[in-house]
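User: I'd like to learn how to read helix contacts and salt bridges in a model. Can you take me through this one?

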Amino acid sequence: MVAFAAQAGCRLRESRRVRRSHTGGGIFSTRMQKPHRSTARCRYGAIAAGAVASEVVNNPETLASPIAASGMSQEGAKKGSIGVLGSGLGILSSVSDLPKTEALGIELRASAALAAPVRVVDGHFLEEPFRVRHEFSEDTEENAATVNNTIRQLVQHFNWKGVVGISVTIEISKQMGIFGEDFLKLERETGRMFAKTLRGKASFCHTVIHTDAAAYNELVFGACADEAHWRRKLVLACTLGKHIGAVLFSDGHRVRNSPLNAIFTSQWQANLAAYPHWTVGTKFTPPDPGCSDFKEWASLVDGHVSEIAKVASSIDRIVIIPTGRTAGIEGLTEALPPFLERTREVVSERSGEVFVLEPREGAVVRGVALCSLVELETIQVVRSLENVLHGDQALHSLSEPQLQMIFDKIDVNADGDIEPQEMCEALSLLGIERDTDALITELDTTRDGSIDFAEFRAWWRKEVNQARIVLITSADAFRRILQKRPPEGFGELVLLEVTFSFCRSCRAFASKFKRYAERYKDVRFIQLMGNSTIGAMELCTKELGVKVSPAFFVFRRGGELLASWTGANTKKFEEELEGCVQAEAD
């Protein structure tokens, strides 16, 4: 068994040292302190070839909350910005279902990388952000080695062993010899490279284009987190730098098969080619407001974003997020909106709005840390779909947000319905051989040719109800089991086993647990992995008081606790469970 009490000599503990918490992360002020243009050039400029410099980023004017991180005051916003931050965590529907509370976010750019550990339950940085500067050469292999060395240095600086999220740009991908305009391809290829670099150094590594990271930050921690900004709306988020990236969110769900970037990236680069004086080497610096070229550049931005919006169609809100050196333009938030006439015209048919957000250094770091944890949860939850489709004996009972996550993974165009082709592609990715037509028929109870979330949820729960053992990683899922009526063939007793991924006794008892589930067919057998999610850990430690594993609890439906014991002793297990069964029969 695994004992958590101090006297047993084994404590449940963090896998790394305790960190001090800095509200806001130390590099922010309530409004971004815009440097003089010459200062900005020096700050983001390159250093001597082949050299690597590092620094702790420390601004004495720190944030007190994510509201300031969004670039908004608490009183409201002027035109060109977004309103006050909502009280929730935006499009992140369930914090308790996340597998971890913290992740290291790394923002990679052509001249430097910025990193900080992020506490995703509130978006705060746990330590001062740290920057490593690097210089690229003409050799792409040498550049790739430089970037990987930068990543290793950042991970070592924070002594980080956990989840790592890394954001990349098109420009840095090119410098490493990874070309193309397909964002998914760039994420896959750079992701494989970085995962190899961090193998054995981090528990999980996920790579995304910085556009996704910036958008997630705004929709979860930033000024767009309030439901009024995204609920039942189609939101187009665009990052504005040397390149313009675009990502769509439909009712808070990212549309993954959008062709926007592949269509428009080369067009934007062709437009910029006519203005070579805006780019020195690989460093793109847009003109300042008031310069003769600013109107020309702003007009190009307007034309490009409006064309993207036309292709997306039915846009309710457009959010433009300045990044990179563009974020260093003083007065951009006020100067750019008046020039976005064509963009406003596109969204005017739906009474939509266009906003340019106040730049906040570190926003991408926060966003990519969140993306990495969401991706880790998605991978774990989607494995449950594989178990259901394979007809395994033990199946997962998932919370509503977790079920929604699986549904969204299959529903790639985020229209709220799974089409037969989408289901076929999802099964193919999982490596599952099933008759797609037969599966669609089984799920599509309304016979309208597609599957909505209500149908998917009903099918899933039917499959779980028939399983001998229900695996849960969600406290909400366990509470739902206790409160609902027993499925056909089951009685009023619910046996909960609490295990932990590092518990050897739990693994050794697993086969016996399955045999007992077959023996006591009228008892609902539940298995909870205690360290699988934030909510599961709180349920085990705060509500159930688990100190030793495996731990067993017998409940009557409705929530009454009848018995509890610990350890992998089969005699003790049989005595306790048999006693409950006999008492229930009497």
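Predicted model: local features only at pLDDT ≥ 70, side-chain atom pairs only at ≥ 80, totals over all residues.

User: At what angle do the axes of H8 and H10 cross?

Analyst: They cross at roughly 20°, and the axes come within 7 Å. Angles under 35 degrees count as roughly parallel. H8 and H10 are therefore roughly parallel to each other.

User: Which side chains of this pair meet in a salt bridge?

Analyst: First the general idea: look for a side-chain nitrogen of Lys or Arg within 4 Å of a carboxyl oxygen of Asp or Glu. Here, Arg342 and Asp302 meet in a salt bridge, at 3.2 Å from N to O. Arg342 lies in helix H10 (residues 341-348) and Asp302 in helix H8 (residues 294-312), so the bridge ties together parts that are 40 residues apart in sequence.

User: Is Asp302 buried or exposed?

Analyst: Buried means under 20% relative accessible area. Asp302 has 3% relative accessibility, so it counts as buried.

User: Where do Glu353 and Arg317 lie?

Analyst: Take the bridge before the location. Glu353 forms a salt bridge with Arg317, and their closest N and O atoms are 2.9 Å apart. Glu353 is in strand E15 (residues 353-356) and Arg317 is in strand E14 (residues 317-322), so this pair links distant parts of the chain, 36 residues apart. For accessibility, Arg317 counts as buried at 5%. Glu353 counts as partly exposed at 30%.

User: What is the relative accessible area of Glu227?

Analyst: Glu227 has 43%, which makes it partly exposed. Arg231 is partly exposed too, with a relative accessible area of 29%.

User: How many salt bridges does the count come to?

Analyst: The count comes to 15 salt bridges. Among them are Arg342 with Asp302, Glu353 with Arg317, and Glu227 with Arg231.

Definitions and conventions
Residues numbered from 1 in each chain as written. Heavy atoms only, no water. Buried < 20%, exposed > 50% of the residue type's maximum accessible area, 1.4 Å probe, protein only. Helix = DSSP H or I, 4+ residues; strand = E, 2+ residues; numbered from the N terminus. Axes fitted to C-alpha atoms, helices over the stretch in contact; angles between N-to-C directions. Parallel < 35°, antiparallel > 145°, perpendicular 65-115°, else oblique.
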